[in-house]
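Keep to what can be computed from the coordinates.

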Amino acid sequence: MKRRLKLFTAGPVACFPEVLEVMSSQMFSHRSSEYMKLHMETIELLMDFFETKQTVLLFPSSGTGLMEASIRNAVSLNGKVLVTIIGAFGERYAKVVESNGRKAIRLTFNPGDPVDEERLKATLEENPDIEAVTITHNETSTGVLNPLPRLAKIIKKYDKLIFVDAVSSAGATEIKFDEWKIDFLFTSSQKALGIPPGLAFAAVSDRVLEIAEKIPHRGYYFDLLLYVKYQKERKGTPTTPPIPQIMGLNVILKKIRDMGKAKWFDMYRRRAEKIRRGVKNLGLEILAKKGFESPTITVVLTPEGIGPLIYEKMREKGFELAKGYGSLKKKSFRIGHMGYITDEDIDEMFEALEKVLKEVGLR
């Protein structure tokens, strides 16, 4: 079924043409030599992309599955995890911690703000028995990009594990896994890399794998050591992988490599700036604190109840934006900048948005 809507969503997003083309290929066995070659080549590309010499793994999952993997594999039962919360997906991490029998210490910030470095330091001082700290690199519900390198530097001074949700940042902004001393970083296919959903992948530190050996009851589906074993011995995954998505990932990583990461990230930066200018030119307010705006999504504030109405009216005009999320559901809407979007698409979207604002009385 062909969609008529142009996607400016929080994900899944419009896929790059090269991805759609390669994903239309006929299937082959995930235990074949063809798949083994694809798998290991993709792992090497990801290691380069994340700038790590440690372990990278592929999972048939969404990003939330790897949230759970980080907790089950690297935090002791009843162990404490400091969860930094700048929006709905930080709160989800806290729920994952608690649902897996660990203790979440919530460090919550106002919508639109990043993690405050002084409050982070103070909380680490007050809780020396914390085992790990979670950071939402880019919070999709608020449109805020956390200052990950600075936060990671603080956390490492206290010798804690660093778990990073990079679901909506990886592919749109720089990540230096080894240099920043991250321990577990995960993302998924349906965001900035412009691939359909169904594939998640993670960079994992040697320290996490050492800890996992001492953690009982890690489960089966997300047992990191099982994935490492299969990758080393069989050049694959323990369960059936989403081969089409891995083929798409392989293609897009080569595209980024050949273009150069700096140029690719600059594409995202310029796109985000264009959209923020367009929002401000329409007299609307952006939620994110200045200097911490997301490269992948912009949250636009509206009077109570108007955000959902704008979303529906934009659909009528052929554009799928994203509704407000979490506590901001009724007083915002979101414009995603991820995936295959052209400058012409953006111009057309703003022409439609201006008409919609007039229809709802905001112009």
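The side chains of Asp-159 and Arg-207 form a salt bridge at an N to O distance of 3.3 Å; the term stands for a side-chain nitrogen of Lys or Arg within 4 Å of a carboxyl oxygen of Asp or Glu. Asp-159 sits in the loop between α6 (148-157) and β8 (161-165), while Arg-207 belongs to helix α7 (residues 206-212), so that the pair links distant parts of the chain, 48 residues apart. Helices (H or I, at least four residues) and strands (E, at least two) are DSSP runs numbered from the N terminus. Arg-207 counts as partly exposed because its relative accessibility is 29%; buried means under 20% relative accessible area, exposed over 50%, and partly exposed in between (1.4 Å probe, protein chains only).

The model is a predicted one, in which local features need pLDDT of at least 70 and side-chain atom pairs count only at pLDDT 80 or more, whereas totals for chains, interfaces and linings use all residues. Residues are numbered from 1 along each chain as its sequence is written, and side-chain values use heavy atoms, with hydrogens and water left out.

A second salt bridge joins the side chains of Lys-80 and Asp-129, with 3.0 Å from N to O. Lys-80 is in strand β3 (residues 80-85) and Asp-129 in the loop between α5 (117-126) and β5 (130-136), so this pair ties together parts that are 49 residues apart in sequence. Lys-80 is partly exposed at 25% relative accessibility, and Asp-129 is partly exposed at 42%.

Another salt bridge connects Lys-261 and Glu-51 through their side chains (2.9 Å, N to O). Since Lys-261 lies in helix α10 (residues 261-281) and Glu-51 in the loop between α2 (33-50) and β2 (55-59), the pair ties together parts 210 residues apart in sequence. Glu-51, at 29% relative accessibility, is partly exposed. A network of salt bridges links Glu-51, Glu-174, Lys-176 and Lys-261. The count of salt bridges comes to 25.

What is the setting of Ser-332? Ser-332 is placed in strand β15 (residues 332-336) and is buried, because its relative accessible area is 1%. A polar atom of the Ser-332 side chain lies 2.8 Å from the backbone oxygen of Leu-328. With neighbours within four places in sequence left aside, Ser-332 is in contact with Val-299, Val-300, Leu-301, Thr-302, Gly-307, Pro-308 and Gly-324, where contact means heavy atoms within 4.5 Å.

Note on methods. A polar contact is a pair of N or O atoms within 3.5 Å; within protein, one must be able to donate a hydrogen and the other to accept it, and residues adjacent in sequence count only if both atoms are side-chain atoms.
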